[in-house]
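Me: I would like to take a close look at a single part of this protein, and I would be glad of a careful, connected explanation.

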Amino acid sequence: MARWNNRVKKVTVAAQDVAAINFIAASRPLKEALKSANLLKSLPLNTFIMGQPGTGRHTLAAFMMPDAPTVRGDDQLLEQAIQSYDKLIVEDFDKVSNLQKLIQLLKKNGTKVIAIADKMSNFEQTRVSFGVHIELPPLEERPEDIEPLANKFFDEAATLFGKTPTENFKIDMDCLDLSMNAFSLRKSVFLHYLSAKIDEQELMSLMETYLLRQVKDHGDLYRQNLSLYEVPLIRAGVKRYKSQLKMSQAFGLNRNTLRKKINEWKDYL
């Protein structure tokens, strides 16, 4: 029991930390989700939150039950947790090995559960046992949430790194990575933030660390990694000068050579 209690203390603190973070809800789907969450906080109903990782599933669950411990669906201590607590958040719910047994245990103990998963498994059983379903769409399908989330992560970066960005610093929304929703968005915002203050020596140190991982016993290492210099330079030139003529003059290249370079790296541009 001590082992379980120690684990619960850790996840409960984590849940409270998450609940303290504002749930960004600028888009209609998330506004509806937040509205439902507010109504469900005081009701004895089990809730199923479905969506890709990084869509805000855990944040919403922690908002609904800030004091509830969290346990994984494939955790051997899941049944013990249901018997020990009246409220519980179960992540990776689709990994529950015996759903029917789990549902019977929930009914017997009267435990209120918020289940989190990418998708609903064993659809009929889950639908009946979890009368309330909240689906959170991918971030790319709710563009209204992107900028406020990016600004939130920007503030996190400023607090974490203790740096003041340049006066003209602005997040380039076109460069943000949404492939893993909030997870990749936070990473790209942090990288974007640091890039505004990084100096030449820091940049070379980062490049050296990266290239050390690429070094092999054979192969054209120099040629293979030219893109690390030429592609960003061409991209920056396109954004700054807007025309190939001005770029060629700034780069000290004739226009034909520049065209060849652009064509060579067209898959990266």
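Which residues in α2 meet which residues in α3?

Reply: The model shown here is predicted, and the mean pLDDT of the chain is 85, with 87% of its residues reaching 70 or more. Over residues 1-21, however, the pLDDT is below 50, although this stretch has 32 contacts in the model beyond near neighbours in sequence. Where pLDDT is low, the predicted coordinates should not be read in detail.

Turning to the pair you ask about, α2 covers residues 28-40 and α3 covers residues 57-64. On the α2 side the residues that take part are Ala-33, Leu-34, Ala-37, Asn-38 and Leu-40, and they meet Leu-60, Phe-63 and Met-64 of α3. Two packed helices are described by the angle between their axes and the distance between the axes. For α2 and α3 the angle is about 30 degrees, and the axes lie 9 Å apart. Angles under 35 degrees count as roughly parallel, and α2 and α3 are therefore roughly parallel to each other, while their crossing is right-handed.

Another helix, α5, can be read by its two sides. In α5, which spans residues 99-109, the buried residues are Leu-99, Leu-102, Ile-103, Leu-105 and Leu-106. Seen down the axis of α5, these buried residues fall within an arc of 160 degrees, so they line one face of the helix. An α-helix has 3.6 residues a turn, so residues three or four places apart point the same way. The face of α5 turned away from the buried side carries Lys-107 and Lys-108, which are exposed, and just after α5 comes Gly-110, with a positive phi of about 65 degrees.

Note on methods:
Residues numbered from 1 in each chain as written. Predicted model: local features only at pLDDT ≥ 70, side-chain atom pairs only at ≥ 80, totals over all residues. Heavy atoms only, no water. pLDDT = per-residue confidence, 0-100. Contact = heavy atoms within 4.5 Å. Buried < 20%, exposed > 50% of the residue type's maximum accessible area, 1.4 Å probe, protein only. Helix = DSSP H or I, 4+ residues; strand = E, 2+ residues; numbered from the N terminus. Arc of directions from axis to C-beta. Axes fitted to C-alpha atoms, helices over the stretch in contact; angles between N-to-C directions. Parallel < 35°, antiparallel > 145°, perpendicular 65-115°, else oblique. Left-handed = near helix turned anticlockwise from the far one by under 90°.
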